[in-house]
Structures are given as C-alpha cells and as structure tokens.
Amino acid sequence: MSASAVPISQDRFAEAIADLPIGNLHAKASELRNSIAHLLHSNEQLQPFADDGDRDCADAIKENRQVMANMIVRIDLLRREVENRGLPWGADELASVNGNSEGQTDQDSTPMDGEISSSQRSHPDHQFRTDADLAQRLREQMYEDTHADDGVHL
C-alpha cells in the first residue's frame, strides 16, 4: 500500500457491507483469506532477506502483517453481518452442497467456516481450517517477531 492510500475505516466497511447480498459477503471473505495467504507467502520469502539486515524487506513484512491484521478484522465483520441476519457463517455454502433451487452443486461454492481453497493448501503453512486458525497463525507470527533472538526488530 502506498503512503498516500488509506483503506476505509472498519466502521465504514461495516456500513458498506450492510446491504450486500449474503453471497457477496462470503465472496469478500474468501477474497480476503486469499489475500492473507498470499501475504503470508510473501513474508516467508522476504524473511531471509530481512534477517540479513535488509530494512526494506523488514518494513514490507511489518506492513504486510498490519494489512493482514486489518483483513482478519474485516473477515470478522463479514461473519458478524451474516450472523446478524440470522444465518450461520457458511449457510449459503450448505445450500450449495445440498444443491440449490437452480440445481447447482458445491463445485463453485465458497469454502465453509473460513476454509481456504485447495490451491491455497499447497503451501503447508497455509492449511487454515477456520478464520480463527488464520488469526492464531498471524498472532504467533507477530509474537515470534517480538521475541526473536537474531536482533532484527520491526
């Protein structure tokens, strides 16, 4: 993200999603999980350079972590919006698994309860089953950085 680009606040995001159809909420959550998986992979590639003292890489890792933390909050806002409508998180995926009124199957459905796609599972560190697993992985990664013995501090 450039220094001049500022994402909308979490409150404005919550307002913006209030009128979206359920399918769009799940699609946005899937998009955010995909972005997080890519940022995690990017950080893994940048880490050796940051460990060797590359300040730009260290700064990029720090920025990516902040972006991921914001994305996790947005996924939670999406989940809450779905649940506030009286639907369980993942309800529209359940309908597609059983076949909906248009005869569609689960082939094109969004993963349930925060699961990521099979393409994202190709990297062992990206095998998150739920949004909570993803958030936990991010917290662990941030904790590791603050307690690193190599002297690199972000």
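Trainee: Which elements does the chain have, and in what order do they run?
Mentor: Keep in mind that this is a predicted model. The chain holds five helices and zero strands, and read from the N terminus on, the elements run α-α-α-α-α.

Trainee: What percentage of the residues of the chain count as buried?
Mentor: The chain exposes about 9,300 Å², of which carbon and sulfur atoms supply 50%. Of its 154 residues, the share that counts as buried is 31%.

Trainee: Is glutamate 81 buried or exposed?
Mentor: Glutamate 81 has its place in helix α3, which covers residues 55-84. Residues count as buried under 20% relative accessible area. Because the relative accessible area of glutamate 81 is 15%, this residue is buried.

Trainee: Which residues is glutamate 81 in contact with, leaving aside its neighbours within four places in sequence?
Mentor: With those neighbours within four places in sequence left aside, the contacts of glutamate 81 are Ile17, Ala18 and Leu25.

Trainee: At what angle do helix α1 and α3 pack?
Mentor: Two packed helices are described by the angle between their axes and the distance between the axes. Helix α1, residues 10-17, passes α3 in a right-handed crossing, and the contact is made by Gln10, Phe13, Ala14 and Ile17 of α1 together with residues of α3 including Leu77, Leu78 and Glu81. By class, this contact has six nonpolar, two polar and two charged residues. The axes of α1 and α3 lie 10 Å apart, and the angle is about 35°.

Notes:
Residues are numbered from 1 along each chain as its sequence is written. This is a predicted model: local features need pLDDT of at least 70, side-chain atom pairs count only at pLDDT 80 or more; totals for chains, interfaces and linings use all residues. Side-chain values use heavy atoms; hydrogens and water are left out. Helices (H or I, at least four residues) and strands (E, at least two) are DSSP runs, numbered from the N terminus. Buried means under 20% relative accessible area, exposed over 50%, partly exposed in between (1.4 Å probe, protein chains only). Contact means heavy atoms within 4.5 Å. Axes are lines fitted to C-alpha atoms, for helices over the stretch in contact, and angles run from 0 to 180 degrees between N-to-C directions. A crossing is left-handed if the near helix is turned anticlockwise from the far one by less than a right angle, and right-handed if clockwise. Ala, Val, Leu, Ile, Met, Phe, Trp, Tyr, Cys and Pro count as nonpolar, Asp, Glu, Lys and Arg as charged, and the others, Gly among them, as polar. Accessible areas come from the Shrake-Rupley method with a 1.4 Å probe; for residues, only the protein chains shown count as cover.
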